[in-house]
Amino acid sequence: MMAAHAMALPWPQLRWAGFAGWRENRIVLLLGMGLTLLVVAAVAWVGAIAYQSTIDVALEDQALKARVLEHHATLSIDTASLALSSLADRVAARPGLAAGELEGLLREALAGLPIIRGVAVVDAQGVVLASTSPAERQRRTVPLAVLGAWPKPGQDRLGALVPGRSLADIGRSGSAPAGVGFIPLLRTSAGGNALFVALLNPDAFSNYQTLALADPRACAAMLRYDGDVLAATAGAGMAPGERIANLPRFREQLAQRAHGASVGAGLGVGPQEQVAAYRASPTWPLVIVVERPLAAVRADWWRAARQVVWVLGAAVVLLVTMTLVAWRGLQARERTRRLLQRAQAVVAQRERELSVTVKSVQELIFRTDLQGRITYVNARWSAVGGTEPRQAVGLELASLAVPEQRAMVQALFAADDRAGTRNAQVCVRTPASGGTRVFDLAVVPLIQDEQLVGFAGSAAEVTERVTAQRRLQTQLQITELMLEASPLPLSVRDLQGCYLSVNQAWEAFTGIRRQEVLGRASAPHLTAAQLDRLRAQERELVAKGGRMRHEAEFTHADGSCRDVVLEQVLMPGDNGAPAAILAVLMDVSEFRAAERATREARDAAEEASRAKSEFIANISHELRTPLQSILGFSELGTMRGRDQPKLAAMFSDIHTSGRRMLALVNDLLDVAKIESSVGTFHLERADLRPLVQEVLRELEPQLGERGLRIAMALHPVPQIAKVDPRRFQQVVRNILANAIRFSPPQGTISVDSRTTPESEIVLRIADQGPGIPPAELERIFDAFVQSSATKDGSGGTGLGLTISRKILEVHGGRISAANQAAGGVAFSVALPARSMAETIQAPL
């Protein structure tokens, strides 16, 4: 076109046009070269800035991830520390816990804390007092030196990584795979005599680190200040328990700042540089290190920049040939870059949303190939298969089902049907627990370019629902059988009075077959008045709710009139509102007759007992008046007859016999009071030890007269019971008086107490006397009965032990006697331990 235009010009113009064309070409060439050099320089400058920006963004990203991981680690250990502190406080508040109760508290503290693998309590010798792990309970002693120094009472300390799955693996070679361990979180009890140990799971930290990084090229580790690795991701290049104290950031940066980010040597042993960030925990001696290879950052930068390089080459060619085309190419490239960035941002946002959605789903999500082999599973696989998700790749999904259902599962992956969702309910045997879990399986074919490329699906666990349905069905069947087999007549009527169900006992009682009344409101076995009264009661029951119980008279199938107790209960419907009424009949005719006979017999017996007790009380009162005179005159005669030994001896015998007679009368009065309605016990919450010691002080003169010694071993902890102090001391005084009377001179009387596991306080008083024949150990508690081995006329009425037993029966206790192997007899007094603080009167 230019040549044609030149041919049309005159020579001068043609020459000028050629010169101008040469100059324009030169200018275009120079301009193109200059623009090319300028573009190359500009691209190089922009690339350098972009590279540095990529490094800065990577440092900020690593610092943010380090902060997230540090916050997770600190929060998890703080939560475990709080649970351990709460457990220690609960154990301290309940001293004397049994091992079973203590292990129950440990399991409660472990619930809801997946970060804790187990909890144990050991003493200062390393004896395992309680643990959530059966292996730790079997191995009763662990070396405490491995766990480190005990913290101060009431404080926590985080120890170094310990190899093994539990305390039972400490010091045992081969008990756990290499790299498997736990982080001990220690807390000393308030008393300093026990150590609470929480076994933190390092895998929980590393799993969270892997999920949080979401980049297979990045790695993270949780370290102690001394450089010991507690937890690390798979790409960190080292296993937990190794030490990396030569890392520069532990020598320089960590000593100056609690967090930072830099480019330098990494956690691994190789020379590869890393873009790394670290952050120390504010409350625990931990530091989180997050790294990404510098080469990976450069690769990211290069993937973003290489398009520019190719565009630069094209731009140089285009600038040389046509500046305008190069300019248009640059404009098009810029527009394309902006569109690409927006598209990448949208894709990245959708990927993040999809990742969060998949993580939050509690169902198992999977993809398979055409043969049903797994190509992808989400994190829920760990709870189903018991392994890491990556280990499930290549596994046939049908192999998870129980053998009898594998063919049904494999049929879900048939290639002949490409439409619709395929469903099945599958039983899966979990390798971890060995139990069977039920899942609802849904599989959908994946179609690409009209070709079947695989399957996608989900598995929702319905074990609890299926189990509940089975239990409900079983319970319904059991309930139906129980109602049918019940000996009591049962019937169910709706709110309109129609019979819904009756049992065999109802048919036998009424003489009516169920086919005659089911679905009908008629009641042939009831009179009109009885039916009206029954419906009025049912209306009242519906209005008030709950249950009603009343007595009535119904006609039996044999025509007799029976006294019955009718109990009616509202039965709720599906919406919770009353739907039916369950009626239960109990024939109490014979019971009422027996009750009347029993009442008459009891009244007669009570009248006879009352007359006997009043007679004994009256006779005892009549005897005390002359006895007082006899005792008084005998004491006067003894004092005035001191100069006449024979006369004084006679009066002394009279006085001694009078006192024995008075003791007998007093005992008879006590028996009469206890057996009649006159006696009243004032029960109150009291410590039994001071009451026993007070009686011992009262009897010190008698003990001194015979040279007896008391060996007392009362329980060091207050022994609280609900007693009448005066009556309880009367029991102790009677037993001690017998022990003093029948113990040899210079002998020993043992007094001790203890608390049994059944929450009973047992007071034991033993002497060194002649003992009691075995056949008489129970008879000595009867009135006026004495042991044949001690019946020597040395005193006693034979009522002391009878009174003691009756007093203890009022207190809900008991008394017993037993011979000792070394001689003598031991009396045991048992009372229930109480915690009530009020004082009440207990009429007999």
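Biologist: In what order do the strands of the open sheet containing β17 lie, and how are they paired?

Modeller: In general, the strands of a sheet pair through backbone hydrogen bonds, either parallel or antiparallel. Here five strands form an open sheet in the order β18-β17-β21-β20-β19, and the pairing is antiparallel. At its edges stand β18 (499–502) and β19 (547–555), each of which pairs on one side only. From one strand to the next, the twist averages 25 degrees. Helices (H or I, at least four residues) and strands (E, at least two) are DSSP runs numbered from the N terminus, and two strands pair if DSSP finds at least two bridges between them.

Biologist: On what basis do these values rest?

Modeller: This is a predicted model, in which local features need pLDDT of at least 70 and side-chain atom pairs count only at pLDDT 80 or more, while totals for chains, interfaces and linings use all residues. Residues are numbered from 1 along each chain as its sequence is written, and side-chain values use heavy atoms, with hydrogens and water left out.

Biologist: How many bridges join β20 to β21, and which residue stands opposite Met-571?

Modeller: Strands β20 (residues 561–572) and β21 (residues 578–587) run antiparallel and are joined by nine bridges. Opposite Met-571 stands Ala-580 in β21.

Biologist: Which strands does helix α14 lie across?

Modeller: Contact means heavy atoms within 4.5 Å. Angles run from 0 to 180 degrees between N-to-C directions, the axes being lines fitted to C-alpha atoms, for helices over the stretch in contact. Helix α14 (residues 528–544) lies across β17 (490–494), β19, β20 and β21, and runs at about 30 degrees to β20.

Biologist: What is the strand order of the open sheet that contains β26?

Modeller: That sheet has five strands in the order β23-β25-β26-β28-β27, with mixed pairing. Its edges are β23 (709–713) and β27 (814–819); each has a single partner strand, so one side of each is left without a neighbour in the sheet. Direction ignored, neighbouring strands are turned by 15 degrees against each other on average. Within the sheet, β26 (residues 760–766) and β28 (residues 825–832) pair in the antiparallel sense over seven bridges, and the bridge partner of Leu-763 in β28 is Val-829.

Biologist: Which helices pack on this sheet?

Modeller: Helix α19 (residues 725–742) lies across β25 (748–755), β26, β27 and β28, running at about 25 degrees to β26. Helix α20 (residues 800–810) packs on the sheet too and touches β27 and β28; its direction makes about 135 degrees with that of β27.

Biologist: Which residues touch the most other members of the largest nonpolar core?

Modeller: A nonpolar core is a set of buried Ala, Val, Leu, Ile, Met, Phe, Trp, Tyr and Cys residues joined through side-chain atoms within 4.5 Å. The largest one has 41 residues, of which Phe-728, Leu-736, Ile-749 and Phe-827 touch the most other members. Helix α19 supplies its largest share, seven residues. A second, separate core of 40 residues includes Ala-83, Val-119, Leu-161 and Ala-277.

Biologist: How many salt bridges are found in the whole structure?

Modeller: A salt bridge is a side-chain nitrogen of Lys or Arg within 4 Å of a carboxyl oxygen of Asp or Glu. The search finds 23. One of them joins Arg-279 to Glu-70, with the closest N and O atoms 3.6 Å apart. Arg-279 lies in strand β10 (residues 273–280) and Glu-70 in helix α2 (residues 11–93), so the pair ties together parts 209 residues apart in sequence. Arg-279 is partly exposed, at 21% relative accessible area, whereas Glu-70 is buried at 8%.

Biologist: Where do Asp-440 and Arg-465 lie?

Modeller: Asp-440 and Arg-465 form a salt bridge, their closest N and O atoms being 3.1 Å apart. Asp-440 is in strand β15 (residues 436–448) and Arg-465 in helix α12 (residues 463–485), 25 residues apart. Elsewhere, Asp-215, Arg-217, Arg-292, Asp-300 and Arg-303 are linked in a network of salt bridges.

Technical notes
Buried means under 20% relative accessible area, exposed over 50%, partly exposed in between (1.4 Å probe, protein chains only).
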